[in-house]
Amino acid sequence: MRILKTCMALALSSALYTNLAHAQDAASADPAVWGPYATLVGRTFAGQDVSGWPNYASKSRSIQWEEPGKVMVETGTDPRGSEIPKMRILPGKRPGELLFDVARAPNATARVVDAKTLVFDQMMGYETTVSLSDNGYDMKVTKRGELQASATYRDTASEAYAAHAAQQVEKEAADKVAARNALRAAGVPATPAADAPADRVFAYQEPVRGPWGTLQVTRGKAWEAGACFAAVYINGRWAARLEDAETARFKVPAGKVEVAVAADPQGRGTCRFGQSTQEVHETVLAKGETVHVYFAYNGGAKFSEAVQAPVAP
């Protein structure tokens, strides 16, 4: 209880500090000059595509003062997490304009419509609008009045962002379960495979304390890399060396299991290529369950899986 109260106090203190910092930043910004940026300065936002072009939204955007009351700077990352060009924002030559000085790109000018709205007039009938929302801001691109793309940016210090992040975690988990169920429904190829020799199976053979299941890993025949052994890793541990049409069984603790394959660490010549590159397949093993993971090389490792012995009801 004491820890919970301490955490709540720290969270409240952090929120009060953040709100104070925002108030101080906003105090330096005249909405008539800066439009929505008077409210956005001093804050960091996470972007999300809403409609139109994929990857229109940046992963993150941060707007801070470079020189309070005179120059802002906007930085961030693209959807892949790479840095986007830094952009300096300063009042334009005419009242109601903002100049966006972009590193390694043409500059842009926007007009302040009001304290909540900013509009960029662009070439060929395109127009970009930035408008404040309850927990951040929205961006949209139109062409001669027709919507092309839109995105929303949530303040990373807001409850709305925290709720959205939690929803995303739940969605990703549900998507993983659905993908795994679809993969298991498709099953593994019904091709014969011999047991790998014991001297090439050297992990997860001992009894397991606690809940466990059986993981069977099979390497199928393929035209690629058939002359070299493939290294099999289970939860980061080197577990076996398999050649084409070989299989091995392992006693693995129940729960999430990562099966990775890579070039043979003991390989010679061309069999040494790509030793540090692992291709990973994630599955889940329930207590008493036997899961069969099958892989074959065809432009990289292709995985499939099936449940051989479902858990008894």
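**Strand pairing and aromatic contacts in the predicted model**

Val112 stands opposite Leu118 in strand β7. In this predicted model, strand β7 (residues 117–121) is paired with strand β6 (residues 108–114) in the antiparallel sense, over 4 bridges. Both strands belong to a barrel that 10 strands close in the order β1-β2-β3-β4-β5-β6-β7-β8-β9-β10, with antiparallel pairing. On average, neighbouring strands of this sheet are turned by 25° against each other, direction ignored. Helix α4 (residues 159–186) lies across β1 (43–51) and β10 (146–155), and runs at about 105° to β10.

The chain as a whole contains 4 helices and 19 strands. Of its 313 residues, 37% are buried. Among contacts with a separation of 6 or more, 50% involve residues 24 or more positions apart. The chain exposes about 17900 Å², of which carbon and sulfur atoms supply 55%.

Across the whole structure, 9 aromatic pairs were found. One of them joins Tyr37 and Phe100; the ring centres are 5.6 Å apart and the planes lie at 65°, so the pair is edge-to-face. Because Tyr37 lies in helix α3 (residues 37–40) and Phe100 in strand β5 (residues 97–102), this pair ties together parts that are 63 residues apart in sequence. Tyr37 and Phe100 are both buried. An edge-to-face pair is also formed by Phe45 and Tyr137, at 5.1 Å centre to centre and 80° between the planes. Phe45 lies in strand β1 and Tyr137 in strand β9 (residues 136–143), so parts 92 residues apart in sequence are tied together by the pair. Phe45 and Tyr137 are likewise buried.

Note on methods:
Residues numbered from 1 in each chain as written. Predicted model: local features only at pLDDT ≥ 70, side-chain atom pairs only at ≥ 80, totals over all residues. Heavy atoms only, no water. Helix = DSSP H or I, 4+ residues; strand = E, 2+ residues; numbered from the N terminus. Buried < 20%, exposed > 50% of the residue type's maximum accessible area, 1.4 Å probe, protein only. Contact = heavy atoms within 4.5 Å. Areas by Shrake-Rupley, 256 points an atom, 1.4 Å probe, with all protein chains shown as cover. Pairing = 2+ DSSP bridges. Axes fitted to C-alpha atoms, helices over the stretch in contact; angles between N-to-C directions. Phe/Tyr/Trp six-rings, centres within 6.5 Å; stacked < 30°, edge-to-face > 60°.
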